[in-house]
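I opened this notebook to keep track of what I looked up, entry by entry. The sequence and the structure come first, and my notes follow.

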Amino acid sequence: MIEIDDLTVQFGGVRGLSELTARLPESVTGLVGPNGAGKTTLINVLSGFVRPTAGRVSIDGQDLKDIAIHKRAGFGIRRTFQNEQVVENLTAADNIRAILDNVPIDGRPRTALIEQALEFVGLAAKGNVLGRDLNAYQRRMLEIARAMVGRPRLVMMDEPGAGLAQHESEHLRDVIRQLHGHCGAQVLLVDHDVDLISATCMATLVLDFGSAIAYGPTASVLAEPKVREAYLGMLEDAT
Amino acid sequence: MTDQSLEGVPSIRAVRFPLRWGVLCAAALIALYVIPDALSNYWLRTFISAAALTIASLSVGPLFAQVGMVSLAQFGLLGVGGWFALRISHGLGAPFEIALLCAGLSAALVGLIVGLPALRMRGLYLAIITLMMAGAIQVLISAFGFPDGGPGILGKSTGARLMMARPFVAQSDQAYLRYAVVVTVFCYLLVLAHVRGRPGRAWAMIRRSEVCALAGGVDIVAYKVWAFALAGFLAGVAGAVLAGGVGQLDGSAFPASQSIMLFALTIVGGAYSWFGPIIAGLMLRAFPALLNDFRVDGNIATMVFGIGLLHALITAPHGIAGQLSDLAGRLRRVLGRERKAGP
C-alpha cells in the first residue's frame with residue numbers, strides 16, 4: 001500500500017510534482033501520463049533520489065523520510081531503470097548476489113535464491129554469463145530479477161517494455177502478472193505502452209503536470225475523456 | 001557517473017583451473033627457492049624493491065579498475081608506511097612483522113583521509129586533490145626525514161644511521177627477497193578476497209553508476225572509504241617492505257611525481273589484470289637497473305615509460321598484461337588449429 005499526501009517536488013522554477021495525493025492499494029498499479037507528467041519523478045521520490053519539497057510518502061504505513069536512500073532496498077523498495085543498470089563486469093548471478101548482500105534473506109541460501117530469481121525471469125541458463133554478454137532483453141529481465149529477491153515490498157519498473165520485440169513483450173507481461181504472486185511485492189509500472197498497462201495493471205493512476213487527473217480500474221480510467229485528452233493532446237471542443 | 005574512461009575492459013578474472021594453478025604454484029615455489037641464490041647483490045636489491053613496488057601498484061589497480069577512482073597519492077602513502085615502519089622498528093625494537101602491520105594500518109588511516117574528497121569528487125578533480133595530498137606528504141617527509149635510530153618522535157640520529165631490523169627469518173638479502181615475495185602474495189590474496197567478495201560486488205555496482213549502487217542498497221560512502229583504506233594499507237605495507245630491504249629510507253625519495261609515475265605504469269602494466277602490478281613493479285625498478293647493467297643511463301627509462309603510456313592509452317587499454325593474455329590466446333588458437341589439422 002503506497003500512501004502519497006500533498007507531495008510536491010520543485011526543481012528550481014519547475015514543479016515536477018504538484019500536491020499529489022493518492023492511495024495505491026492494488027497489487028499491480030499502472031502509472032501513466034504524457035512526457036514530463038512526473039511519473040519518473042514519483043518513482044525517484046520513492047527510491048529516495050529526489051527529495052520532496054513538501055508532503056509525505058509512506059509504504060505499508062512507514063514514512064519514507066525516515067529511511068536513508070541506501071537502506072530503502074533493504075526495507076523493500078526496489079526498482080528497474082529506464083536506462084538499464086546491469087553491472088557489465090559481474091555475471092548474471094553475481095548481479096543478483098550484489099543485491100542479496102544488502103537485503104534481508106531470512107537465512108535462506110543465497111545460491112538457491114539466485115537460481116529461483118533467474119528461473120522466474122527465464123534466465124536460468126545464463127547465471128554464469130557476464131552482464132556485458134547479455135542482450136538488451138536479457139538485461140531488462142536481469143534487472144527485474146535483481147529487484148525481486150530478498151523480501152521486496154514494492155517493485156517499481158520504469159518503462160520495462162520500451163523497445164522489446166513482440167514475443168519478448170508477451171513474456172514481460174507474464175513476468176509482471178506473476179511477480180506479485182511470486183514474491184508478494186506490490187508492482188508499480190510506468191510505461192507508455194497502453195496495451196502493456198491494460199494487460200497487467202488492475203488499477204492505474206494518471207498524472208498530468210505533476211498532479212493526479214484520474215485513478216481507478218485500468219480499463220475505465222483509460223477510457224475517460226480527460227485522460228485521452230491529456231495523452232493525445234486533443235481539446236474537447238475541437239472534436 | 002564514476003570514471004569510466006576505460007569502460008568495457010574486463011574485470012580481474014577469476015581463477016578457474018585448479019590443476020593448472022597447482023602446477024604453476026609448485027613451479028613458483030621452486031623458482032622462489034632457487035632463483036634468489038643465483039642473483040647478484042645488485043639484482044637481489046633491485047628485485048626486493050620491485051616486489052615492494054608491485055604491492056604499491058596493486059594498491060593503485062583495484063581502486064582504479066574496481067571502483068573507477070584515481071588516487072595519485074599512493075607513493076606518498078608508501079612513504080608514510082615506511083616512516084611508521086622505521087619509527088616502530090627503531091623506537092620499540094618490535095619484530096618486523098609488527099612494524100609491517102603498523103605501517104599498513106597507519107597508511108590505511110592516512111589513505112582514508114586522502115579518500116575523503118572522493119565522497120564528493122570524481123575523475124580529474126579527485127586526481128588533483130589526491131596529488132595535492134601527495135605533495136603535502138612530500139613536504140612533511142622532506143622536512144622531517146625518516147627515523148634512523150635517533151631519540152624522540154622524529155627519531156633522527158646525529159651520528160651513524162641505524163639500519164632497520166629485518167625479519168628474524170630473513171636476515172640475508174636472498175631470504176629477504178623470498179620474504180618480500182611471500183608478503184606480495186599475501187597482499188594479492190587480500191585483494192582477491194575483496195574483489196571476489198561482498199566489497200568487490202559493491203564496488204562493481206558503484207563503478208556501474210551511483211544510482212545503480214544506491215538502488216541496490218550499497219552504502220556508497222562506506223565502500224568508497226573502505227577502498228581507499230585498503231589501497232592505503234597496501235601502500236603502507238609496500239613502504240615497510242622497501243624500508244626493510246634498504247634498511248633506511250631517503251627523505252627525498254618520495255616526491256609527488258613518483259605517485260604519478262606509479263599510476264601511469266600501473267596503467268601501462270595493466271590495471272585490470274593480476275599480472276599488471278608485477279609488470280609495473282618490474283618496470284619501475286628492474287627496467288632502469290637493466291639499462292644501468294648495459295651502461296645506458298637509467299633515466300632513459302622515464303622516456304620509455306612515457307612512450308609506453310601513450311601506447312597503452314591509444315592502443316591497449318588493458319595494458320601490457322592484457323596484450324600478453326591476448327597474445328597467449330592467439331597462440332593457443334593457432335596451436336589448436338594446427339593440432340586439429342594434424343593427423
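Which residue of strand 8 of chain A is the bridge partner of Met156(A)? I looked this up first, bearing in mind that the model is predicted, and found that the partner is Leu188(A).

**Entry: the parallel pair and its sheet.** I then followed the two strands along their length and noted that strand 7 (residues 154-158) and strand 8 (residues 186-190) of chain A run parallel and are joined by 5 bridges.

**Entry: the hairpin.** In chain A, strand 1 (residues 2-11) and strand 2 (residues 14-24) run antiparallel, with 7 bridges between them. I noted that they form a hairpin with 2 residues between the strands, and that Gly12(A) in the turn has a positive phi of about 60 degrees. Within this pair, Glu3(A) stands opposite Arg23(A) of strand 2.

**Entry: a helix pair in chain B.** I checked helix 4 (residues 96-115) against helix 9 (residues 220-246) of chain B, whose axes come within 6 Å and cross at roughly 140 degrees. The two helices are therefore oblique to each other, and helix 4 passes helix 9 of chain B in a right-handed crossing. Sorted by class, their contact has 18 nonpolar, 8 polar and 1 charged residues.

**Entry: where the chains meet.** I found that 18 residues from chain A and 18 residues from chain B take part in the contact. On the side of chain A, helix 2 (72-75) and helix 3 (92-100) each supply at least two residues, and the largest share, 4 residues, comes from helix 3 of chain A. That side of chain A has 8 nonpolar, 6 polar and 4 charged residues.

**Entry: confidence.** For the complex the predictor gives an ipTM of 0.90 and a pTM of 0.86. Chain B averages a pLDDT of 85, with 93% of the residues scoring at least 70. I flagged residues 1-10 of chain B, where the pLDDT is below 50, although this stretch has 18 contacts in the model beyond near neighbours in sequence.

Methods:
Residues are numbered from 1 along each chain as its sequence is written. Chains are lettered from A and ligands numbered from 1 in the order in which they are written. This is a predicted model: local features need pLDDT of at least 70, side-chain atom pairs count only at pLDDT 80 or more; totals for chains, interfaces and linings use all residues. Two residues are in contact if their C-beta atoms, placed from the backbone, lie within 7 Å. Ala, Val, Leu, Ile, Met, Phe, Trp, Tyr, Cys and Pro count as nonpolar, Asp, Glu, Lys and Arg as charged, and the others, Gly among them, as polar. Axes are lines fitted to C-alpha atoms, for helices over the stretch in contact, and angles run from 0 to 180 degrees between N-to-C directions. Angles under 35 degrees count as roughly parallel, over 145 as roughly antiparallel, 65 to 115 as roughly perpendicular and the rest as oblique. A crossing is left-handed if the near helix is turned anticlockwise from the far one by less than a right angle, and right-handed if clockwise. pLDDT is the predictor's confidence in each residue, from 0 to 100. Two strands pair if DSSP finds at least two bridges between them.
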